[in-house]
Amino acid sequence: MAIREDELKTGRCWDGFVKGKWETAIDVKDFIDKNITVYEGDHSFLAGPTEATDELWLLISMLTRKERENGGVLDIDVQTVSTITSHAPGYIAQSKEKIVGLQTDAPLKRSVQPFGGIRMVIDSCEAYGFKLPEEIIQVFTDIRKTHNQGVFDAYTSEMKTARKAAIITGLPDAYGRGRIIGDYRRVALYGVDRLIAEKKKDLLQLEVDSITEDVIRLREELSEQIRSLGELKQMAKNYGYDIAKPAVNATEAVQWLYFAYLAAIKEQNGAAMSLGRVSSFLDIYFERDLSDGTLTEVEAQELVDHFVMKLRIVKFLRTPDYNELFSGDPTWVTESIGGMGLDGRARVTKNSFRFLHTLYNLGPAPEPNLTVLWSTRLPDGFKAYCAKVSAETSSIQYENDDLMRPYYGDDYGIACCVSAMRIGKQMQFFGARANLAKALLYAINGGVDEKLGIQVGPRLAALTSDILNYEEVVEKFDSIMEWLAKLYVNTLNVIHYMHDKYCYERIEMALHDREIVRTMATGIAGLSVVADSLSAIKYAKVRPIRNENGIAVDFEIEGEYPQYGNNDERVDAIAVQLTETFMNKIRKHKTYRGALPTMSVLTITSNVVYGKKTGSTPDGRKAGEPFAPGANPMHGRDRKGALASLASVAKLPYEHCLDGISNTFSIVPKALGREEESRISNLVSMLDGYMANYGHHLNINVFDRAKLLDAMEHPEQYPQLTIRVSGYAVNFIKLTKEQQLDVIHRTFHGTM
């Protein structure tokens, strides 16, 4: 319901909250510090779904099935360019919904968002049997320039060739970059009018003597931010809500926050539209209302269930090529849960449990991407519940709060899969990844691409010896990485200059401070392929097989070599050195807007696509075969059990991979224990040990191959089968057959 005038007069909005500097400054962290109620109990208080929840979820499930039967897209509104206020209010079943708001006027109807690139929209519509009107095509071709057009206007020939060869790949040059987390909590705590007033103060402070390019740009951005906040208020008004003032109660706090997030996804279709860290913030409102007797536990869980339900049906219009790269139709609505405060108290609340409990009330699902910030000091009851949910749903990922907190404080969230940033005070220029496995082949082949047969890298003398010499390969590889790092950063500079110019994230940035930290997030793919390849060259005999043009297109290996994933320092040290070396080369180059360069070891599900575009490698992997996902060992090569595999990955240095180190881990249920209690205890111990050894991230799947094989044969019986892949989760049946087989061929640990 909307705020009542009598409640505003009595100060009900902040009544009962502990005062602090958050009242006079925009400071959500201080509000949480002063008002959080830490919960150290177990999950016994949780409530099941209400009748309205069951009915709503049944409707969504029916629509989801129709969407799948329709080829993956249910409907597209091709007549309307999506903006914050473009669509009339939409509902699932209005009388039953506690939290309202959809991206368009109907659930699962996708919108047209052409500011990133008109060609992607045209191709997406045609792929699903729709046609974009000529007038919209004309506007975004002849009148309104897009981000994609700007990028390709500025790309050099070298950049275009590298993109074609997929030595640099997955670039956000035809779609929204994402990985920006608006502090959506601010709308609930302060109301839109206060936020507009603060932005107007920022604008006034920039009336300075020297109007430089930087000042001009920031003044324009602030003006756009103010405008977007006004549109947010109008959108909410269209639904019958006045969000000018702070939320009065828990229901409004959730609704206000969701409206802010909804505005962001109506305006941007970024590669990751993460939610932030909202559960414990909202718990403060829940606790106040529970204490006042104006909210019951059943009603509290219902609010969370309905909110999460809306997050589960966030949809963007994508091309089949995009879906091949990022399979499973992901949106990365990442919510970060738990963690510790700098004051030594846990950030675990009853709402931390409630968000995880949606995986039972609504069933498992990949979205929102529920991410537990794990500390060895978390309350035992919460640890046990996390382990229980993981073992039964495979729908949670874990990141090392003890590792990240010294860098980011205690009010950070995860963008996309594994990338940490301070909420409202930091953003990322997303940069996809460089293909280091292909770079190694360039070192062997003198910069010639093994698939295209053309010169892509610098013209180096190709290696012509019968047996590859480790020192020679490393020397050439170092030169190729030097070239690649420079080209990579320059390419990202072009992309993000143009994204700011033609596809600026107005509402997301309106929910940031004026002065923020920017990072330039590079990434690498093929780490384990390269580590094993160099190990093979060093410890065995590797003989290149060359084609008629002298290009090494395959390799013969004589002898055994140590393989990454078995806690063998000989090869693990190579993987560590690779990450340090490439990151140091990235650091040499000037970045757009002075962004701090970072790096991830992350592939999403694109390890399959990257493998397709890469020839045979000296580790024995054949041309076209998938890479391992993220920082994982190659499939089947980690033979010494779960703990040895985890130990190898944990050695990778987070200080050189501040954008995250993704590790996807699968274990058969019986390996964790025969009884539920022992499975929970063993999983908690494994997580504590991994994090204590500086492991950064862990996806946990608990199932066996037989279940996945059956799901391939009978997908209709597994509509909500959720698996963790590389930093996020997907519905298994939405993966391509190749990606399903890739998952099935990964290591399933049968022993600890």
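Mentor: The model is a predicted one. Strand β12 covers residues 541-546 and strand β13 residues 552-558; the two pair in the antiparallel sense over six bridges. Within that pairing, Arg 546 is opposite Ala 552 of β13. Strands of a sheet pair through backbone hydrogen bonds, in either the parallel or the antiparallel sense.

Next, a helix pair. Helix α19 runs over residues 470-502 and helix α21 over residues 527-539; they pack at an angle of about 145°, and their axes are 9 Å apart. From α19 the contact takes Tyr 470, Val 473, Val 474 and Phe 477, while α21 brings Val 530, Leu 534, Ile 537 and Lys 538. Sorted by class, the contact of α19 with α21 holds seven nonpolar residues, no polar ones and one charged residue.

Now the open sheet. Five strands make it up, in the order β4-β5-β6-β17-β16, and the pairing is mixed. From one strand to the next the twist averages 30°. Inside the sheet, β6 (residues 397-400) and β17 (residues 697-702) pair in the antiparallel sense over three bridges. One of the residues involved is Glu 399, whose bridge partner in β17 is His 697. Helix α26 (residues 676-692) packs on this sheet and touches β5 (369-374), β6, β16 and β17; the direction of α26 makes about 160° with that of β17.

Two single residues can be set side by side. Asp 289 belongs to helix α12 (residues 279-292). Its relative accessibility is 3%, so Asp 289 counts as buried, the cut-off for buried being under 20%. Apart from residues up to four places away in sequence, Asp 289 touches Arg 12, Asn 249, Ala 250, Thr 294 and Leu 295. Arg 587, by contrast, sits in the loop between α22 (569-586) and β14 (596-601). With 36% relative accessibility, Arg 587 counts as partly exposed. When neighbours within four places in sequence are left aside, the contacts of Arg 587 are Pro 597, Glu 655 and His 656. Arg 587 and Ser 666 are 79 residues apart along the chain, and their C-alpha atoms are separated by 34 Å.

Last, the chain as a whole. There are 28 helices and 19 strands in it. The radius of gyration is 25 Å, close to the 27 Å given by the globule rule for 752 residues, so the chain is as compact as a globular protein of that length. Along the principal axes, the C-alpha atoms fill a box of roughly 85 × 65 × 50 Å. Of the 752 residues, 64% count as buried. Taking contacts between residues at least 6 apart in sequence, 78% join residues at least 24 apart. The chain exposes about 26,000 Å², and carbon and sulfur atoms supply 49% of that area.

Methods
Residues numbered from 1 in each chain as written. Predicted model: local features only at pLDDT ≥ 70, side-chain atom pairs only at ≥ 80, totals over all residues. Heavy atoms only, no water. Axes fitted to C-alpha atoms, helices over the stretch in contact; angles between N-to-C directions. Helix = DSSP H or I, 4+ residues; strand = E, 2+ residues; numbered from the N terminus. Contact = heavy atoms within 4.5 Å. Nonpolar A, V, L, I, M, F, W, Y, C, P; charged D, E, K, R; others polar. Pairing = 2+ DSSP bridges. Rg over C-alpha atoms; globule rule 2.2 N^0.38 Å. Buried < 20%, exposed > 50% of the residue type's maximum accessible area, 1.4 Å probe, protein only. Areas by Shrake-Rupley, 256 points an atom, 1.4 Å probe, with all protein chains shown as cover.
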